[in-house]
Amino acid sequence: MLAGGFLLVVLLAAVLAPLVAPADPNQSSLLDSYAGPSGAHLLGADGIGRDLLSRLIFGARTSLLGPALVVGVSLLLGIPLALLASWYGGWVDGVIARVFDLVYALPGLLLAVLTVALFGPGLTPAVVALSIAYIPFLARIVRAAARQQRVSPYVDALAVQGFGVLRITVRHILRNIVPVVVGQAAIAFGYALLDLASLSYLGLAVQAPTPDWGVMVSDSDALLKGYWLQVLAPGVLIVLTVLALTVVGARISGEKPPGYLRRRRPAGAALKDRAENDRTPVGAAA
């Protein structure tokens, strides 16, 4: 719930940025260069006097838009291929699986760097390259979940009743694996956010002066001068957002939460439960 609440706050801040941001993110004032936290600038100002809090709020827009496009395009292209492979199997499944393996073997960041080298830096080339790289990441999981549904008795019953392949796969199989798809999409969203932030840090995706968390982390001049908050604040937001997406995605898809989030039981609790389970009533045994 904490992770979901944090994501909701970040999303609302991105959507309502013009209303909640205290200042224009690109308005500079050299008199406020590297100003500390104050009433005028709650988190201080950067090297040219731009309000840091406003840039963080507006930066949420570009930082979330790119990953959303990557995951959306990957699902749009990957889900039909995954359902096709799971339904027909055989050589169709084999060909699609080999294509997924081939694309999966290509590092996403390397593919994005090559694309940017060909078409120039910008968010669009990076999103296109990462979308291709993320197709097998999501489609392989959808394919595995759909194959489990494919052998279920209800699928055979629907086929006997005369329902078509498209209706069975979309209205029944896909609907039953929605939690897995949504959960893995949330996890992939976090990975895409990290990749795009890394590319923006290198100057290959979002370009300054556009407010973006990855661009703000690359402000090495502020770090060298001792103004660590200029770099720490966007870095912490990236880490917390990715962590929250991972926790929420794992919970939605039905995976067990990470070990550090589970409440630890006493050392003898497991042995006690095992002993109680071994006590079979006489009537039950008879």
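Helices and strands here are runs assigned by DSSP, numbered from the N terminus. With that in hand, welcome to this predicted model. According to UniProt, in an unreviewed entry, residues 99-119 form one of the spans listed as "transmembrane region".

**Annotated spans**
- The UniProt record gives the feature "transmembrane region" for residues 64-87, 99-119, 125-142, 173-194 and 227-254.
- Residues 64-87 are 100% helix and 0% strand in the model, with 34 Å between the C-alpha atoms at the ends of the span.

**Helix H1 against helix H12**
- Two packed helices can be described by the angle between their axes and the distance between those axes.
- For H1 (residues 2-15) and H12 (residues 229-252), the angle is about 125 degrees and the axes lie 9 Å apart.
- Because of that angle, H1 counts as oblique to H12.
- The crossing of H1 past H12 is left-handed.
- On the H1 side, the contact is made by Ala3, Gly4, Phe6, Leu7 and Val10; on the H12 side, their partners are Leu237, Leu240, Thr241, Ala244, Leu245, Val247 and Val248.
- Sorted by type, the residues of this H1 and H12 contact are 10 nonpolar, two polar and no charged.

**Helix H3 against helix H6**
- H3 (residues 52-88) packs on H6 at an angle of about 35 degrees, and their axes are 6 Å apart.
- H3 and H6 make a right-handed crossing.
- In the contact of H3 with H6 there are 20 nonpolar, five polar and three charged residues.

**A ring pair within H6**
- Two aromatic pairs are counted in the model.
- In one of them, the ring centres of Tyr134 and Phe137 are 6.1 Å apart and the ring planes meet at 65 degrees, so this pair is edge-to-face.
- Both Tyr134 and Phe137 belong to H6 (residues 123-150), where they sit three residues apart, about one turn of the helix.

**A cis peptide bond**
- Most peptide bonds are trans.
- Ala208 and Pro209, however, are joined by a cis peptide bond, with omega at about 10 degrees.
- Where is Pro209 found? Pro209 lies in the loop that runs between helix H9 (178-201) and helix H10 (213-217).

Notes: Residues numbered from 1 in each chain as written. Predicted model: local features only at pLDDT ≥ 70, side-chain atom pairs only at ≥ 80, totals over all residues. Heavy atoms only, no water. UniProt positions renumbered as here; feature names shortened; annotations may be inferred. Helix = DSSP H or I, 4+ residues; strand = E, 2+ residues; numbered from the N terminus. Axes fitted to C-alpha atoms, helices over the stretch in contact; angles between N-to-C directions. Parallel < 35°, antiparallel > 145°, perpendicular 65-115°, else oblique. Left-handed = near helix turned anticlockwise from the far one by under 90°. Contact = heavy atoms within 4.5 Å. Nonpolar A, V, L, I, M, F, W, Y, C, P; charged D, E, K, R; others polar. Phe/Tyr/Trp six-rings, centres within 6.5 Å; stacked < 30°, edge-to-face > 60°.
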